[in-house]
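Hi,

Here is the structure I said I would pass on. Have a look at it first, and then read my notes below.

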Amino acid sequence: AFPILRELLIAERGKGAHRSGVPIHVSQSTNLQGEFFLSDGNMRNAKATVMQDISRLSEKGCRIRILGNAALSMTRVASGEGLVATNRSVNPWDVAAPCLIVEEAGGRVTDETGKKWSASAKELVATNGVVHDEVLNILRE
């Protein structure tokens, strides 16, 4: 829930994702150029990684946004407003619901190695699914 935005996001496995009662879907973009990359992470614990993410994806033409909220970043990917979100040094209670929302909106969420996300993952990458492997490769450069 994002009361200040007057938004309530809901997802149930196999039943899709909704924002304020309206179904949401990830972007169908196949190109990073000009798309939003939403960076989030704990700058105290993962500053170098966060800065590398920003550098690498901006070099590929992504427009950068730092919202300061893992759930907000990921749900923007779910709604198609962002193409990629990374979350570095996360806690499961901050991202478990947004991960399901992204998946139910048609996206993909993995750890930085490409394994399906789990509550124990500390590094997450969320995309529309179409560009996921490309993004993982860029982040590994």
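Two strands count as paired if DSSP finds at least two bridges between them; strands (E, at least two residues) and helices (H or I, at least four) are DSSP runs, numbered from the N terminus. Keep in mind that this is a predicted model, where local features need pLDDT of at least 70 and side-chain atom pairs count only at pLDDT 80 or more, while totals for chains, interfaces and linings use all residues. Residues are numbered from 1 along each chain as its sequence is written, and side-chain values use heavy atoms, leaving out hydrogens and water.

Now the sheet. Five strands make an open, mixed sheet in the order S5-S4-S6-S8-S7. Strand S5 (63-65) and strand S7 (108-111) are at the edges with a single partner strand each, so one side of each has no neighbour in the sheet. Which residue in S6 is the bridge partner of aspartate 40? That would be asparagine 87.

Then the core. A nonpolar core is a set of buried (under 20% relative accessible area, 1.4 Å probe, protein chains only) Ala, Val, Leu, Ile, Met, Phe, Trp, Tyr and Cys residues joined through side-chain atoms within 4.5 Å. The largest one has 24 residues, and Met74, Val95 and Leu124 are among those with the most contacts inside it. Helix H2 gives the most, six residues. A second, separate core has 15 residues, including Phe37 and Val125.

Cheers

Definitions and conventions. Buried < 20%, exposed > 50% of the residue type's maximum accessible area, 1.4 Å probe, protein only.
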